[in-house]
Amino acid sequence: MPTATIITGISELTTNDEELGKLAEAALVFEGQRISWVGPARDAPAADHRVDLEGRAVLPGWVDSHTHLVFAGDRTAEFTARMAGRPYTAGGIAETVRATRAATDAELAANLRAHLAEAVAQGTTCVETKTGYGLTVEDELRAARIAATEVDEVTCLGAHLVPPERAAEDYLDTVRGPMLDAVTPHVSWCDVFCERGAFDAEQSRRVLLAARERGLGLRVHGNQLERGPGVELAVELGAASVDHCTHLGAADIAALADSDTVATLLPACDLSTRQPLPPARELLDAGATVALASNCNPGSSYTSSMAFCVTTAVLQLRMTVDEAVRAATRGGAAALGRDGGDGAVGVLRPGARADVQALDAPSAAWLAYRPGVPLTHRVWRAGRPVR
Ligand code: NIG
């Protein structure tokens with residue numbers, strides 16, 4: 001029998017569960033990797049171990065549903081030039097591709113682990129990451145293999161950019177055939193960068209349909225740099241998420257609200273690329289499911305801080321604290337198809353994975369009330385203390 005740990009002294013418990021809601025003076029019990037009990041502290045059952053948080057807020061660990069962590073090198077010079085006025089064009093991806101291809105497996109794995117450790121220390125307990133800086137069958141396969149040993153969900157983003165040495169149609173044939181064949185045992189998802197300069201709607205559709213034939217779930221990078229067909233395509237194909245959603249028209253918002261496709265917003269990327277901020281308020285008011293993610297990568301968004309994304313969402317995207325916290329936890333879980341059933345993440349209820357963070361604050365509101373202040377106090381991932 002696994003031992004039971006009870007967490008007490010919770011001033012505010014955000015469960016993200018419809019019935020449990022938000023609790024004051026709460027307690028939470030986990031046994032092994034799963035939560036076994038959640039409720040008012042006065043009703044708590046006995047347990048083997050006790051952790052008293054002395055009046056701190058508890059919420060689900062962050063679910064970071066969009067990162068690009070298999071890479072080498074950095075792009076400080078590109079960032080600095082951008083802050084001096086040069087526009088972001090995604091062309092810098094090719095530089096990271098060069099550095100990533102030149103790195104050894106051990107170097108890529110160590111870099112990935114270092115970024116994951118950084119994220120966990122800030123409360124992130126479930127991570128998706130993508131390939132996409134290899135762009136050959138061999139390099140995408142090794143990225144998928146390395147990622148699969150370290151993160152919860154792996155996505156093939158072979159269709160990130162046409163590599164400089166290949167012609168577009170020829171490269172697409174490689175992605176749709178041998179590349180997807182090679183990576184499918186190691187990934188659950190396929191993503192396409194559907195944007196001018198990357199892949200158009202027709203090319204993106206062909207990649208996604210080939211992925212679907214292999215049983216992979218679908219995601220789309222869409223509407224990042226301008227209005228385009230990404231959202232429409234994601235909704236048409238029933239993709240789990242369309243990520244960025246920076247430039248949306250009324251029809252895009254209505255289509256998302258009328259679908260099960262999650263609109264994943266990446267505000268750290270928009271700030272770092274000097275793009276406008278996405279219409280979060282309009283999406284939420286229309287009824288769309290919204291997720292927040294870091295988009296941690298060396299080019300467009302080099303942060304692993306989900307707290308920064310939540311703070312930005314509240315202060316700049318006009319989301320409430322509850323909406324932003326939910327989007328960074330349960331919203332991300334929905335984007336990864338992990339928000340329901342046994343072992344769900346982004347939610348604290350019996351049967352869910354014991355992914356829990358405690359803030360050095362009496363309520364989650366302090367994430368925005370005290371912007372930039374590191375508030376992570378304790379973190380458990382699948383019941384194991386990781387900070
Ligand atoms: O999500 N949009 C495409 N891919 C990444 C950018 C990666 C990069 O610039 O290296 C993104 O922002």
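As a predicted model, it has local features called only at pLDDT of at least 70 and side-chain atom pairs only at pLDDT 80 or more, while totals for chains, interfaces and linings use all residues. Numbering starts from 1 along each chain as its sequence is written, and side-chain values use heavy atoms, without hydrogens and water.

On to the fold. The protein has 13 helices and 15 strands (DSSP runs numbered from the N terminus: H or I of at least four residues, E of at least two). Its radius of gyration is 20 Å, close to the 21 Å from the globule rule for 387 residues, so it is as compact as a globular protein of that length (C-alpha atoms; the rule is 2.2 Å times the number of residues to the power 0.38).

Seven strands make an open, mixed sheet, ordered E3-E2-E1-E4-E13-E14-E15; strands pair when DSSP finds at least two bridges between them. Strand E3 (34–40) and strand E15 (384–385) sit at the edges with a single partner strand each, so one side of each lacks a neighbour in the sheet. E2 (residues 22–31) runs antiparallel to E3, joined by six bridges, and Ala 27 faces Gly 39 in E3.
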